[in-house]
Amino acid sequence: MLIYEKKNKSKCWIHRHLSDKYVKLSYQKGFRSRSIFKLKDINNSDKLFTSGMTVVDLGSAPGSWSEYAAKKIGKYGKVVACDVLPMLPIKNVHFIQGDVRDEIVLYKILNYLEYKSVNVLMSDMAPNISGYSAIDIPKFILLCELVLNISNIILIEGGTLLIKLFQGEGFEEYLKKVCTLFSSVHVRKPNSSRSNSKEIFIVAAKKKKITS
């Protein structure tokens, strides 16, 4: 019975996925995934990118966010992408494969940037999802805490953090932490984000000066 239910759920997901208008659009326009529309929606409202910026994209595969950012910042900008999964090359994007929880991977990012500060840090990372909120949300929060710590290290004063997370226990506490580090913080639910998904995005701009 359990195997039968899993097969049915899998078939339903495939049907929903293939009938999704943003999936169809991504195929038509040659984008790597539908997630590009989420970033486009957010950029339309929050104006994340300007020419010549340095951008770091965590959880980048298959690469639609990096591709979009690279086009927005132009040939004089720089995008560094990182993911545990492989990613096909993108023009003007430097890809580092590895787990950013590993300090060696973070050092690789910093070394490539020559320890120069970053204008925008994006994270579309997510833990392996079990389907149980009590398990998934704490794992997501831990991952987001890591990204917030990384933003402290690499973001320039006045820089921007864009991060995906799930609504649920721990969200409000995490949002308060973000507000202590950034002057402008907004919670976004892009039109292209599925209505039944718990995912939301925090856009934290104008990183505050770190005081000792």
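This report covers the fold of a predicted model and then one residue in it.

**Basis.** Residues are numbered from 1 along each chain as its sequence is written. Local features need pLDDT of at least 70, side-chain atom pairs count only at pLDDT 80 or more, totals for chains, interfaces and linings use all residues, and side-chain values use heavy atoms, with hydrogens and water left out.

**Confidence.** Mean pLDDT (the predictor's confidence in each residue, from 0 to 100) is 88 for the protein, and 89% of residues reach 70 or more. Residues 1-15 have pLDDT below 50. Beyond near neighbours in sequence, this stretch has 0 contacts in the model; contact means heavy atoms within 4.5 Å.

**Overall make-up.** The protein has 7 helices and 7 strands. These are DSSP runs numbered from the N terminus: helices are H or I of at least four residues, strands are E of at least two. Their order from the N terminus is α-α-α-β-α-β-β-α-β-α-β-α-β-β. Of the 212 residues, 45% count as buried, that is, under 20% relative accessible area, against over 50% for exposed and in between for partly exposed (1.4 Å probe, protein chains only). Among contacts between residues at least 6 apart in sequence, 62% join residues at least 24 apart.

**The sheet.** The 7 strands form an open, mixed sheet in the order β3-β2-β1-β4-β5-β7-β6. Strands pair if DSSP finds at least two bridges between them. β3 (93-97) and β6 (182-188) are the edge strands, each pairing on one side only. Neighbouring strands are turned by 15 degrees against each other on average, direction ignored. β1 (residues 54-58) and β4 (residues 118-123) run parallel, joined by 4 bridges. Here Val55 stands opposite Val120 in β4.

Axes are lines fitted to C-alpha atoms, for helices over the stretch in contact; angles run from 0 to 180 degrees between N-to-C directions.

| Helix | Strands touched | Angle of directions |
|---|---|---|
| α3 (residues 35-46) | β4, β5, β6, β7 | about 40 degrees with β7 |
| α6 (residues 133-154) | β1, β4, β5, β6, β7 | about 170 degrees with β5 |

**Asp124.** This residue sits in the loop between β4 and α6. Asp124 counts as buried because its relative accessible area is 17%. Its side chain makes a polar contact of 3.2 Å with that of Lys164. Such a contact is a pair of N or O atoms within 3.5 Å; within protein, one must be able to donate a hydrogen and the other to accept it, and residues adjacent in sequence count only if both atoms are side-chain atoms. Leaving aside neighbours within four places in sequence, Asp124 touches Ser35, Leu58, Gly59, Trp65, Lys164 and Phe201.
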